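Take a first walk through this structure. Keep the sequence beside the model as you read.

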Amino acid sequence: MKPTFIADAMLGRLAKSLRMLGYDVLYRAGIDDNELKRVALREKRVALTRDHEIAETRLPIRVVLVESDHLDEQLKQVVSELALSYADGLFTRCLVCNAPVEDVARSEVEDLVPPYVFETQERFARCSGCGKIYWPATHVERAKEWIERVLGDGVRERPPGPEGGPETQRTPYDDPETPSGRANHDEEDQP
Ligand SMILES: [Zn+2]
């Protein structure tokens, strides 16, 4: 079974990156140490922390003490320590709220996305939690390039493009607030 996680207040970007790989990661900026441990214990989540005191807890929870300040190194450490696989989970989870995203009929999103996006995109997905609509765009390619660079092979299992087969397009994933071609607020999250 896939591990699930809870991240401490310092690891928001790591939480988002793991969600991008398809992992269930709870994150709240204001969470305190006791709550983090309590939830990890109750829900059997792996606690991700930069805090030695949490790492030294005597509670029977699994803790990963994240060593680096840098996102690339943090992701590499967690993926390698827990031997996480990710090729099949990429872009299946909402970066904002952590709920799974589901394919949604194009006709259902007409009023929910900008007209240009509706006209130019074929496939859409919707977050089952917050309702955010996602679609593929250059953003996804950039995210994949970053993951590939950080984690090595395993992301591009099929050739890109329309002949890439259903798997490459199964989970359209982009940010409705950032139509392709415009500056992207996720810049800070995905180097
Ligand atoms: Zn969501």
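The paragraphs below go from strands to core and then to another sheet.

This is a predicted model: local features need pLDDT of at least 70, side-chain atom pairs count only at pLDDT 80 or more, and totals for chains, interfaces and linings use all residues. Residues are numbered from 1 along each chain as its sequence is written.

Start with strand 3, residues 46-49. Helices (H or I, at least four residues) and strands (E, at least two) are DSSP runs, numbered from the N terminus. Two strands pair if DSSP finds at least two bridges between them. Strand 3 runs parallel to strand 1 (residues 5-7), joined by 3 bridges. Here Ala7 has Leu48 as its bridge partner. Strand 3 also pairs with strand 4 (residues 63-65), again parallel, over 3 bridges. There Thr49 partners Leu65.

Now look at the largest nonpolar core, which has 38 residues. Such a core is a set of buried Ala, Val, Leu, Ile, Met, Phe, Trp, Tyr and Cys residues joined through C-beta atoms within 7 Å. Buried means that 20 or more other C-beta atoms, placed from the backbone, lie within 10 Å of the residue's own. Ala7, Leu14, Leu18 and Leu48 have the most contacts inside this core. Helix 1 (residues 12-20) gives the largest share, 4 residues. Domain 1 (5-81) and domain 2 (101-185), with bounds from an automatic or database assignment, both contribute, so the core lies between them.

Finally, find the open sheet of 3 strands, antiparallel, in the order 5-6-7. Strand 5 (101-104) and strand 7 (133-134) each have a single partner strand, so one side of each lacks a neighbour in the sheet. Strand 5 pairs with strand 6 (residues 124-127) over 4 bridges. Asp103 stands opposite Ala125 in strand 6.

Methods: A residue is buried if 20 or more other C-beta atoms lie within 10 Å of its own, exposed if 12 or fewer, and partly exposed in between; C-beta atoms are placed from the backbone.
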